[in-house]
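This briefing covers selected features of the model shown below. The points are grouped by topic.

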Amino acid sequence: MEALFHETITSSSIILLAALGGLFTSLSGKINIGLEGFILLSAFLSPYFSQVFSSIFLGVLMSTVVCSLLAAFMYFLHQKFKADIFVVGLAMNLLAAGLTSFLSAVLMNTQGTATFVLKQSVQVFDIPVLSSIPVLGYLFSAQNIFDYLAFIAVIVTYILIKKTWFGLHLQALGHNKRTAVSTGLKIKELGYVSYALSGFLCALAGAAMSLPLDSFVDGMSNGRGWLALVAVIVGRNSSVGILLASLLFGFASSAANVLQINSHLPAKLLMTIPFLVTLIALIVNSARQKRKY
């Protein structure tokens, strides 16, 4: 049971970081469909750059820069050339899948799995303040830096959206674009920043997935970007709601992994559990929305 709880935090943090990225674009009224692609791209670039620069910090930094620029470029294609933002997002997912396989083969000379030699490693540790709290100390013991960053990001995102002009302007844009334009809000700048933040947080999610393993596997994001997208919808554009949804999906993913080890059920069947939970969450959310109106 302890292993299940620890793995839930780890699984949730990846979904949570990407979902918070999706939150910024959703608030702007242009939700980012390319979350899956950015997670996968960073899952390769983070350990690769870390190996090249012999520094995990520089590796993650370079990966976040690349993903942020690509995300801003997505919005550029939509804003400048009127490309459908959903089609651009789907194209980014397809591009990331093909590009990471190609780069893995060319740069690492491997097929399917690339193992990196890093001078540093992502260590697990305890935060003394949390370890003294009964429940939180149990859940957050022996977690890595990305797990802690994910939950810190919830607080930062909440403050940024609720307590700053940027967050208020972003919400105004998403609520009514025509009104936002008439009041003089900088629509283009808000769009670019929201997408850049989305790419940045997805890059952290990808790094959280591959760096602790020192390796990259083709398609290792395995639908987490789509789970993050559902977390944004079910969480109703709230950082706290997204946190709860991410914990639910993270628990479902961890339960599926535990059951694969401790049961005789087919592995492929068990791997559908997170997506089944996601489907149920969407149905419940849709029913609640209809009842509300």
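**Briefing on the predicted model**

Asp126 sits in the loop that runs between strand E2 (124-125) and helix H5 (128-131). The structure is a predicted model. Asp126 counts as partly exposed because its relative accessible area is 42%, which falls between the limits of 20% for buried and 50% for exposed.

**Surface patches**

- Val52, Phe53, Phe57, Leu58, Leu61, Met62, Val65 and Leu69 make a nonpolar surface patch of about 720 Å².
- Two helices, H2 (35-53) and H3 (56-81), each supply at least two residues of this nonpolar patch.
- Helix H3 gives the most to the nonpolar patch, contributing six residues.
- Met62, one of the patch residues, is found in helix H3.
- The relative accessible area of Met62 is 31%, so Met62 is partly exposed; patch residues need over 30%.
- A positive surface patch is formed by four lysines, Lys80, Lys82, Lys177 and Lys188.
- Within the positive patch, Lys177 belongs to helix H9 (residues 177-182).
- Lys177 is partly exposed, at a relative accessible area of 49%.

**Cysteines**

- How many disulfides does a search of the whole structure find? The search finds zero.
- Cys67 is buried, with a relative accessible area of 0%.
- Cys202 is buried as well, and its relative accessible area is 0%.

**Backbone: positive phi**

- Most residues other than glycine have a negative phi.
- Asp214 is not a glycine, yet has a positive phi of about 55°.
- The loop between helix H10 (187-210) and strand E4 (215-217) holds Asp214.
- Asp214 is partly exposed, with a relative accessible area of 23%.
- Asn237 is another residue other than glycine with a positive phi, here near 55°.
- Asn237 is placed in the loop between helix H11 (224-234) and helix H12 (239-262).
- Is Asn237 buried or partly exposed? Its relative accessibility is 31%, so Asn237 counts as partly exposed.

**Helix H13**

- Ala267 is found in helix H13, which spans residues 267-270.
- At a relative accessibility of 37%, Ala267 counts as partly exposed.
- Ala267 and Leu20 are 247 residues apart in sequence, and their C-alpha atoms are 30 Å apart in space.

Key
Residues numbered from 1 in each chain as written. Predicted model: local features only at pLDDT ≥ 70, side-chain atom pairs only at ≥ 80, totals over all residues. Heavy atoms only, no water. Patch = residues over 30% accessible without salt bridge, like charges linked within 9 Å, V, L, I, M, F, W, Y side chains within 5 Å. Areas by Shrake-Rupley, 256 points an atom, 1.4 Å probe, with all protein chains shown as cover. Salt bridge = Lys/Arg side-chain N within 4 Å of Asp/Glu carboxyl O. Lys, Arg positive; Asp, Glu negative; His and termini not counted. Charge placed at Lys NZ, Arg CZ, Asp CG, Glu CD. Helix = DSSP H or I, 4+ residues; strand = E, 2+ residues; numbered from the N terminus. Buried < 20%, exposed > 50% of the residue type's maximum accessible area, 1.4 Å probe, protein only. Disulfide = S-S within 2.5 Å.
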